[in-house]
Amino acid sequence: MNDNSLFQIYFDSDLETKEQVYDFISEIACAHASFQQKQDIIHQLNEREKAGSPLIAEHVLLPHIESEHVIESQIILFRLAKPMHWDETIEDIRMIIAILLKKGEEEAIKKKMAGFTRSLADEDYVERLLNVEEIEFHKEIIKIREES
Amino acid sequence: MSSKDNREQKLLLFLSKNQDYVTAEDLAEILQTSKKTVYRLIKKINDESLDDSLIVSEKGRGYKLDYEKFIHYQKSNKKYKEDDFSPDERRKRIMEELLLSSPKPMNIHYLFNDYYVGESVIFKDEQLMSEELKKHNLILERKKRTLAILGEEVNIRKAIKEIIEIFNIIDIDDLKSNQELNFNKYDVLVILDQLRNIEKDLNITIPYPYNVNIFSHLYILLSRSRKNPAFIFTDKVSNEKTENMKKDFDFYQVAKSTIHNIEKYLNNALPEIEIYFLYQYLVSSRMQGTLDTTSTLSSRVIQVTKAYINGMSTRIGINIDNQSIFVDLANHIKPMLNRLEHSIRVKNSLLSQIKVTYEEIFSSVKNVSEFISEEFNLPAINDDENGFITLYFAKMIETSQHQHPIKTLIMCTTGIGTSELLKAKASKKFPELEIVDVVASRNMQAYKEKYSNIELILSTVHIEDNISIPYLLVSAMFTIDDQKRLQRKIEEIYHER
């Protein structure tokens with residue numbers, strides 16, 4: 001159900017560290033690209049974090065970058081199987097929402113993605129995403145996808 | 001209220017206003033007392049609070065109010081202590097009894113029986129009550145072993161209203177369910193019904209505190225008439241005043257039918273003058289609805305309103321060009337002028353809080369009021385009224401109606417990630433921001449040219465370039481701390497304008 005969609009959902013993801021998460025994201029961002037390009041993505045993600053914390057709510061991270069290496073713009077959602085220790089300051093992470101934006105992406109797609117991030121301002125919505133079962137989780141995402 | 005109670009309240013109010021710790025020195029200065037007294041007051045407040053300490057302290061930082069507990073405390077503190085009356089309460093209750101039955105004399109033994117006090121206390125109470133009543137132009141008469149209050153009906157009613165504290169209720173719906181208030185339940189329901197009828201007939205709503213004011217007028221009318229069914233007032237209304245009232249057709253009709261309904265309920269005829277009394281209250285109340293427009297304002301109302309707005313704008317140094325405050329305030333001034341004319345006092349239960357919270361605005365309003373009552377030849381405008389007016393200006397300042405919105409740019413790395421999220425959160429909490437665009441940080445320079453009139457940049461990422469525009473880094477969580485910092489930044493920007 002994730003085909004042709006902006007959204008990729010990984011429920012019960014068994015990723016355990018920040019490094020694993022960023023590695024995984026870089027794989028999705030540019031699947032067939034060179035090692036160097038993937039390293040670039042990871043570097044960018046790390047730089048973004050240095051500039052400002054990606055924490056958007058308790059237990060939720062929102063790393064996001066814009067890069068020419070990204071082949072297709074995407075929103076990747078991880079609901080973690082186990083709470084993750086992210087770094088010295090950020091702990092107990094249960095959901096990661098990564099936003100990858102292709103450089104020079106068309107406005108319509110940007111608008112869709114922005115619509116989704118806006119919905120994250122609704123605390124109840126985030127709360128549901130953190131707690132619902134897998135089927136419900138998909139439904140919640142579909143709902144937003146259709147609205148925006 | 002004794003000065004000690006007053007200090008306690010002042011201390012609590014001051015702490016509630018401050019989010020951070022306050023030192024004992026500062027508190028002593030504000031209360032104009034010693035540090036020792038401050039310690040004692042805090043200990044007393046904490047000892048008396050139901051569960052844990054209301055005021056928390058930290059070494060080296062001072063004192064802070066546990067706000068959640070404070071709200072709870074305020075609620076529970078209202079509970080009536082049944083058997084334990086302070087001397088002040090005792091006198092009030094006796095005066096209440098005497099006022100309601102005035103001019104009938106009552107036996108002293110009967111009046112003081114419940115309080116177990118001796119002759120000397122009774123003698124002292126008489127003196128104090130007599131002084132209190134003098135303020136309302138009433139006389140406390142002692143004859144043989146009885147006391148009676150003598151004076152004009154209008155003054156008696158006013159005194160009742162001031163003395164009986166249960167009229168300090170804020171929520172009129174509370175009357176139906178609140179047991180502590182000890183009202184006659186049937187009377188309450190009948191009066192509330194009358195209030196609804198008045199609102200329906202005039203097609204308006206009467207907001208707080210005017211609804212409570214009319215309620216208490218009618219409640220006192222019922223109580224008085226019942227205790228003194230055959231009593232005929234000595235008060236007279238001039239023909240001119242009666243004629244003027246009859247010209248005000250809608251209000252007159254409503255007053256007439258309300259009094260008529262009450263006569264039916266009492267099963268007893270009421271004197272004509274009651275219609276005039278009620279009429280006075282109606283025209284002195286603010287009403288919201290169809291009447292709430294500028295078209296019904298007299299030139300005098302407009303002049304007084306303008307005088308307030310001009311006076312306040314020079315005193316607090318802001319530019320008030322907004323039409324909405326004018327309409328709002330004018331619709332308050334209109335019944336206020338009627339209140340001054342009929343010398344009807346609306347009790348402002350929030351007065352002490354208003355004074356502490358909006359100290360500066362309040363004292364400015366007071367100044368302007370003094371000037372206005374001289375200029376327009378009005379009776380003195382009391383603090384209750386000044387408190388109400390303060391709220392209009394405070395509201396305007398707090399909601400920044402007098403300021404243009406701040407043109408704001410929101411920024412993150414992509415322009416669609418945390419920045420969009422921040423936009424949704426910030427625009428909900430800070431209506432004073434006008435969010436012009438949401439952008440990616442790398443395009444900074446380009447946007448600076450595109451939006452040359454930007455006043456604030458709100459960003460979730462650190463900006464390294466040197467920029468001349470006020471800029472604030474906040475987290476995407478938009479925590480309380482972020483919100484506080486943004487609030488300060490907004491004030492800075494307002495200040496520099």
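In what order do the elements of chain A run from the N terminus on? In this predicted model, the order for chain A, read from the N terminus, is β-α-α-β-β-β-β-β-α-α-α, and chain A thus described has five helices and six strands.

Chain A consists of 148 residues, of which 34% count as buried. When contacts in chain A are taken between residues at least 6 apart in sequence, 67% of them join residues that are at least 24 apart.

One residue of chain A can be followed in more detail. A:Val126 belongs to helix α4 of chain A, which covers residues 123–131, and, leaving aside residues up to four places away in sequence, A:Val126 touches A:Ala57, A:Val60 and A:Leu120. A:His59 lies 67 residues from A:Val126 along the chain, and the C-alpha atoms of these two residues are separated by 9.8 Å. A:Val126 counts as partly exposed because it has 19 C-beta neighbours inside 10 Å, whereas a buried residue would need 20 or more.

The two chains also meet each other, with 17 residues of chain B in contact with 21 residues of chain A. On the side of chain B that touches chain A, the most is given by helix α20 of chain B (residues 418–429), which provides five residues. The table sorts the residues on this side of chain B by class.

| Class, side of chain B that touches chain A | Number |
|---|---|
| Nonpolar | eight residues |
| Polar | seven residues |
| Charged | two residues |

Key:
Residues are numbered from 1 along each chain as its sequence is written. Chains are lettered from A and ligands numbered from 1 in the order in which they are written. This is a predicted model: local features need pLDDT of at least 70, side-chain atom pairs count only at pLDDT 80 or more; totals for chains, interfaces and linings use all residues. Two residues are in contact if their C-beta atoms, placed from the backbone, lie within 7 Å. Helices (H or I, at least four residues) and strands (E, at least two) are DSSP runs, numbered from the N terminus. Ala, Val, Leu, Ile, Met, Phe, Trp, Tyr, Cys and Pro count as nonpolar, Asp, Glu, Lys and Arg as charged, and the others, Gly among them, as polar. A residue is buried if 20 or more other C-beta atoms lie within 10 Å of its own, exposed if 12 or fewer, and partly exposed in between; C-beta atoms are placed from the backbone.
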